[in-house]
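Subject: Structure for you to look at

Hello,

Here is the structure I promised to pass on.

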Amino acid sequence: MKIRVLTLFPKMFECLNESIMGRAIKRGLLDFKAVDIRNYSADKHMKCDDTPYGGGAGMVMTAQPIYDCISDIDPKHEFVRIYMSPKGERLSDKLCRSLATVDNILLLCGHYEGVDQRVLDLCIDREISIGDYVLSGGELAAMVVVDSVSRFVDGVLGSGESHEDESFSNGMLEYPQYTRPPEFMGLKVPDVLLNGNHKEIDKFRKAKSAELTEKLRPDLIGRNAETE
Ligand code: SAH
């Protein structure tokens, strides 16, 4: 999967070189690059923002550098072009799975008050939000998309890791996890997990998963993970 993130702050994406994402990039499963929009500014001071028409607080990212950057990175419109935006479709497990089937993804990160509407109208296919709150920039939101989507790309999770039992994968929250030692600060690992009876363990986990979902996210119950 090829991902290009367009941003004024490409260094923020260095953290994707760690852990599971870093391994996927090194192995070539993810062809990831953060592209600096500023390099495309036609302004002699490389300016990429200006005050909003009509007045109001803050600055708006100008259309020209973004338009030229997208035209350079994706001249034939082979990427699904996504603008990270609080106004967009809310990211979900289902949306992550569907984006994981796309070969080329371009993520545009706004900053300040946002982006001149005209470049969105001209270039963008869809908008995605990571939740009903406002971030200072689309960079953290884009990282959330890169991480949550690439987990569904074949080979990104190693053989010991799986997304199939995870929270939301079947419309439920995951059961609690324990590891060594069997007792910590007086708290014991449930006996059933120590006895090696996989049928019993499976039953225990399913029951805990149902109990937790009922308690913490009753809204998930009855929802079909495939259709939501
Ligand atoms: N003025 C805008 C918010 C701008 S926030 C409004 O009120 O709608 C600056 C940038 O952060 C946006 O351009 C967008 O790219 C990003 N951003 C902020 N909140 C976001 C969210 N919940 N999901 C995805 N991107 C977000």
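The notes below go from the overall chain to the ligand, and then to a few single residues.

**Overall**

Please keep in mind that this is a predicted model. The protein chain has six helices and nine strands. Its C-alpha trace spans about 70 × 40 × 35 Å along the principal axes. The chain has 228 residues, and 37% of them count as buried.

**The ligand**

Where does the ligand sit? The shell around the ligand is made of 21 residues. Tyr83, Met84, Gly110, Glu113 and Tyr133 are the closest. By class, ten shell residues are nonpolar, nine are polar and two are charged.

Which element gives the most to the shell? That is E5, with five residues.

- Gly110: a backbone N or O atom is 2.9 Å from an oxygen atom of the ligand.
- Ile130: a backbone N or O atom is 3.1 Å from a nitrogen atom of the ligand.
- Ser85: a backbone N or O atom is 3.3 Å from a nitrogen atom of the ligand.

How much of the ligand does the protein bury? Taken alone, the ligand exposes 560 Å². The protein buries 87% of that.

**Backbone geometry**

Most residues other than glycine have a negative phi, and most peptide bonds are trans.

The peptide bond from Arg180 to Pro181 is cis, with omega near 5°. Pro181 is in the loop between helix H5 (139-150) and strand E8 (183-184).

His77 is not a glycine, yet its phi is positive, at about 55°. You will find His77 in the loop between helix H2 (63-73) and E5. Is His77 buried, partly exposed or exposed? Its relative accessibility is 40%, so His77 counts as partly exposed.

Met185 also has a positive phi, about 50°, and is not a glycine either. Met185 is in the loop between E8 and strand E9 (187-188). Its relative accessibility is 74%; the cut-off for exposed is over 50%. Met185 therefore counts as exposed.

**Helix H6**

Two residues here are worth a look. Asp202 is in helix H6, which covers residues 198-216. At 40% relative accessibility, Asp202 counts as partly exposed. Asp202 and Val192 are ten residues apart in sequence. In space, their C-alpha atoms are 9.7 Å apart.

Ser209 lies in helix H6 as well. Is Ser209 buried or exposed? Buried means under 20% relative accessible area. Ser209 has 9% relative accessibility, so Ser209 counts as buried. What does the side chain of Ser209 reach? It reaches the backbone oxygen of Leu173, at 2.7 Å.

**Where to start**

Then go to the cis bond from Arg180 to Pro181. After that, turn to His77 and Met185, and finish with Ser209 and its contact to Leu173.

Best wishes

Methods:
Residues are numbered from 1 along each chain as its sequence is written. This is a predicted model: local features need pLDDT of at least 70, side-chain atom pairs count only at pLDDT 80 or more; totals for chains, interfaces and linings use all residues. Side-chain values use heavy atoms; hydrogens and water are left out. A residue is near a molecule or strand if one of its heavy atoms lies within 4 Å of it. A polar contact is a pair of N or O atoms within 3.5 Å; within protein, one must be able to donate a hydrogen and the other to accept it, and residues adjacent in sequence count only if both atoms are side-chain atoms. Accessible areas come from the Shrake-Rupley method with a 1.4 Å probe; for residues, only the protein chains shown count as cover. Helices (H or I, at least four residues) and strands (E, at least two) are DSSP runs, numbered from the N terminus. Ala, Val, Leu, Ile, Met, Phe, Trp, Tyr, Cys and Pro count as nonpolar, Asp, Glu, Lys and Arg as charged, and the others, Gly among them, as polar. Buried means under 20% relative accessible area, exposed over 50%, partly exposed in between (1.4 Å probe, protein chains only).
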